[in-house]
Amino acid sequence: MNTWLRHHFFALHQAFRNAISAPVSFLLNALVIAIAFALPLTGLTVLENLRPLSAELVVEPEISVFLDMTFSRSDALSLGQGIKKILVENKRPGKIEFLPREKALDLLKQKSGLSEALAILGANPLPDGYLIKLPRFESAAEATAVDTIAASLQALPGVEHVQVDSAWIKRLSALVHLLTVVLLILATTLGIVVVTVVFNTIRLQVLTQREEIMVSQLVGATDAFIYRPFYYTGALLGVCAAGLATVLVALALRPINTAVAEFARLYASEFRLVPLDSMATVLFLILGALLGFAGAVLSVSRHLASASDH
């Protein structure tokens with residue numbers, strides 16, 4: 001066990017020595033990888049800030065049911081049982097409120113300030129209707145269940161039009177889903193870029209240390225002993241690049257939040273983008289180390305293994 005730990009500490013020391021021996025090259029490679037990391041990290045930060053916002057916006061979706069003008073008042077009142085049955089069937093119990101055309105007209109006068117214009121019309125142009133308030137959904141994606149209820153309500157006799165007041169919530173949910181898919185594609189593509197950069201970096205180190213590697217093989221060093229420092233170098237490069245990307249994104253959020261604050265102020269909101277929490281940051285650093293390690297493994301297996309065969 002002590003020997004195993006001593007070998008790994010030696011390999012880690014060699015990795016740091018390789019980085020210190022060529023600091024400019026190491027920092028430039030880390031910067032290139034950090035820029036590749038920063039793009040998906042920025043997208044992930046925006047998405048993680050939008051998810052709770054979209055959930056908070058989903059508050060009691062409403063459905064307005066407008067009846068035919070020729071529908072009698074007694075038939076309109078009896079329609080409430082059919083609406084209640086539809087809600088029960090869809091397991092979405094909600095508050096059902098009947099709005100007589102007279103009350104609807106009074107509300108329109110109070111909220112729109114069109115009292116004089118409506119008075120000129122003479123007759124009440126509004127039909128009887130129902131206002132249905134559904135309970136809060138667990139997420140914005142669940143707001144799509146309203147469509148099923150709306151379709152069933154539209155099929156009821158005497159219903160002229162059904163209006164769903166949560167359509168914009170579904171649009172926001174669809175936008176978040178689209179951004180998630182785009183982010184995954186971007187992250188995958190840039191992950192390949194990261195592995196490629198580390199691959200070439202380790203390849204250059206192998207070429208510059210070829211004589212040292214040959215001497216180690218002649219004195220009986222195992223392949224694992226020779227390969228291990230390069231593995232640690234790749235992982236070190238990946239974790240440093242991930243850390244640098246985290247700092248770059250945090251710095252970029254400052255000017256971005258200035259613009260976001262001005263936009264949010266128009267909607268009486270204090271929304272702002274915040275960096276990822278500590279757990280997500282640690283996972284991101286681990287991901288950077290793993291990608292760097294993967295690039296190093298591929299490079300070592302390609303160059304050192306073929307050199308050993310020869």
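**A patch on the surface**

A: Helix α2 (residues 23–57) gives the nonpolar patch its largest share, four residues. Helices here are DSSP runs of H or I with at least four residues, strands are E runs of at least two, and both are numbered from the N terminus. Please keep in mind that this is a predicted model, in which local features need pLDDT of at least 70 and side-chain atom pairs count only at pLDDT 80 or more, while totals for chains, interfaces and linings use all residues. Residues are numbered from 1 along each chain as its sequence is written, and side-chain values use heavy atoms, with hydrogens and water left out.

The patch on the surface is made of V24, L28, L31, I35 and L248, which together have about 440 Å² of accessible area. Such areas come from the Shrake-Rupley method with a 1.4 Å probe, and for residues only the protein chains shown count as cover. To join a patch, a residue needs over 30% relative accessible area and no salt bridge; nonpolar side chains (Val, Leu, Ile, Met, Phe, Trp, Tyr) are joined within 5 Å, and like charges within 9 Å. L248 sits in helix α9 (residues 223–265). With a relative accessible area of 32%, L248 is partly exposed, a label for values between buried (under 20%) and exposed (over 50%), using a 1.4 Å probe and protein chains only.

Now to the charged side chains. The structure has two salt bridges, each a side-chain nitrogen of Lys or Arg within 4 Å of a carboxyl oxygen of Asp or Glu. In one of them, R73 meets D128 at 3.0 Å, N to O. This pair links distant parts of the chain, 55 residues apart: R73 belongs to helix α3 (residues 73–89), and D128 to the loop between α5 (115–121) and β3 (129–133). R73 is partly exposed at 33% relative accessible area, whereas D128 is buried at 8%. In another, E97 and K103 meet at 3.2 Å, N to O. E97 is partly exposed at 27%, and K103 is partly exposed too, at 37%.

For a view of the inside, turn to helix α6 (residues 145–154), where V146, I149, A150 and L153 are buried. Down the axis of α6, these buried residues fall within an arc of 100°, so they line one face of the helix; the arc is taken from the directions from the helix axis to the C-beta atoms. An α-helix has 3.6 residues a turn, so residues three or four places apart point the same way. The buried residues of α6 pack against β1 (62–67), α3, β3 and β4 (159–164), where contact means heavy atoms within 4.5 Å.

Those strands also pair with one another: β1 runs antiparallel to β3 over five bridges, and β1 is antiparallel to β4, again over five bridges. Two strands pair if DSSP finds at least two bridges between them. In these pairings, F66 stands opposite G129 in β3, and S64 has Q163 in β4 as its bridge partner.

Stepping back, the protein chain has 10 helices and four strands. Of its 310 residues, 36% count as buried.
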